[in-house]
Amino acid sequence: MRDRFWERFDLEELTPEEWEALCDGCGQCCLLKFQDEESGDLAVLNVACRLLDIHGCRCSDYEHRFAKVPDCAQLTPARIEEFRWLPKSCAYRRLAEGRKLAGWHPLICGDPERVHRKGISVRSFAVSQSEVPEEELEEHIIAILPIDG
């Protein structure tokens with residue numbers, strides 16, 4: 001990877017390896033979400049995709065995730081504007097908005113555990129989708145995000 005690529009290149013200019021390295025490992029994008037058809041608002045649950053390794057906050061089958069989870073949203077530089085629901089802490093969102101990476105980001109601090117110690121990741125509160133019956137999902141809503149058209 002190129003030295004400090006996140007400061008020197010636009011998102012569209014990153015190599016696939018650099019793009020992947022931007023992921024801070026928080027797991028927030030893997031939380032289930034429901035979209036209200038009328039308002040467009042998103043309900044975020046504390047329930048993580050069944051493929052998320054909650055302790056490591058990484059997909060347990062990243063290579064095959066789209067085959068196993070058809071709803072999995074692929075984040076790409078071309079689609080970044082579609083993902084307004086990403087947390088403000090997310091490196092992809094921060095860079096797309098012209099902000100710098102957070103000091104706790106592994107590319108800055110060199111410590112992939114810091115995102116967990118800072119409470120940014122879902123490690124401390126997420127439960128696996130495989131542990132929650134579908135009829136109980138609404139009981140796991142932790143936030144409502146207004147999404148403007």
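Take Glu18: its relative accessibility is 1%, so Glu18 counts as buried. One thing to keep in mind as you look around is that this is a predicted model.

## Salt bridges

Side chains of opposite charge can pair when their charged atoms come close. A search of the whole structure turns up 8 salt bridges. In one of them, buried Glu18 meets the side chain of Arg2, with 2.6 Å from N to O. Glu18 sits in helix α2 and Arg2 in the segment before α1 (5-8), so this pair ties together parts that are 16 residues apart in sequence. Arg2 itself is partly exposed, at a relative accessible area of 30%.

Another salt bridge links Glu82 and Arg79, whose closest N and O atoms are 3.0 Å apart. Here Glu82 is partly exposed at 47%, and Arg79 is partly exposed at 31%. Then there's Arg99 with Glu97, where the closest N and O atoms are 2.9 Å apart. Arg99 has 30% relative accessibility and counts as partly exposed; Glu97, at 43%, is partly exposed too. Through shared partners, salt bridges join Arg93, Glu97 and Arg99 into one network.

Now for β2, which runs over residues 42-48. How many of its residues are buried? The count is 7 of 7. Leu42, Val44, Asn46 and Ala48 point one way from the strand, while Ala43, Leu45 and Val47 point the other way, and all of them are buried.

β2 pairs with β1 in the antiparallel sense, over 4 bridges, and Gln35 has Leu42 of β2 as its bridge partner. The hairpin of these two strands has 6 residues between them, and there Gly40 takes a positive phi near 85 degrees. β2 also pairs with β6, again antiparallel and over 4 bridges; in that pairing, Val44 stands opposite Ala143 of β6. With β5 (residues 127-128), β2 runs parallel, joined by 2 bridges. Ala48 has Ser128 in β5 as its bridge partner.

## The largest pocket

Rolling a probe the size of a water molecule over the atoms shows where empty space is left. The largest pocket holds about 1,300 Å³ of space. It is lined by 44 residues, and those closest to its centre are Cys29, Cys30, Cys72, Ala73 and Trp85. Elements giving two or more residues to this lining are α2 (16-21), β1 (31-35), β4 (58-59) and α4 (91-96).

Which element gives the largest share of the lining? That would be β1, with 5 residues. Sorted by class, the lining has 29 nonpolar, 6 polar and 9 charged residues.

## The second largest pocket

The second largest pocket has a volume of about 270 Å³. Its lining is made of 16 residues, with Trp85, Leu86, Pro87, Lys88 and Leu145 nearest the centre.

β1 and β6 (141-145) each supply at least two lining residues here, and β6 gives the most, with 3. By class, the lining comes out at 11 nonpolar, 1 polar and 4 charged residues.

Definitions and conventions: Residues numbered from 1 in each chain as written. Predicted model: local features only at pLDDT ≥ 70, side-chain atom pairs only at ≥ 80, totals over all residues. Heavy atoms only, no water. 1 Å grid on protein atoms, 1.4 Å probe; cavity = no way out; pocket = protein on both sides within 12 Å on 5 of 7 lines; lining within 4 Å. Points joined across faces, edges and corners; volume = space filled by probe spheres on them. Nonpolar A, V, L, I, M, F, W, Y, C, P; charged D, E, K, R; others polar. Salt bridge = Lys/Arg side-chain N within 4 Å of Asp/Glu carboxyl O. Buried < 20%, exposed > 50% of the residue type's maximum accessible area, 1.4 Å probe, protein only. Pairing = 2+ DSSP bridges.
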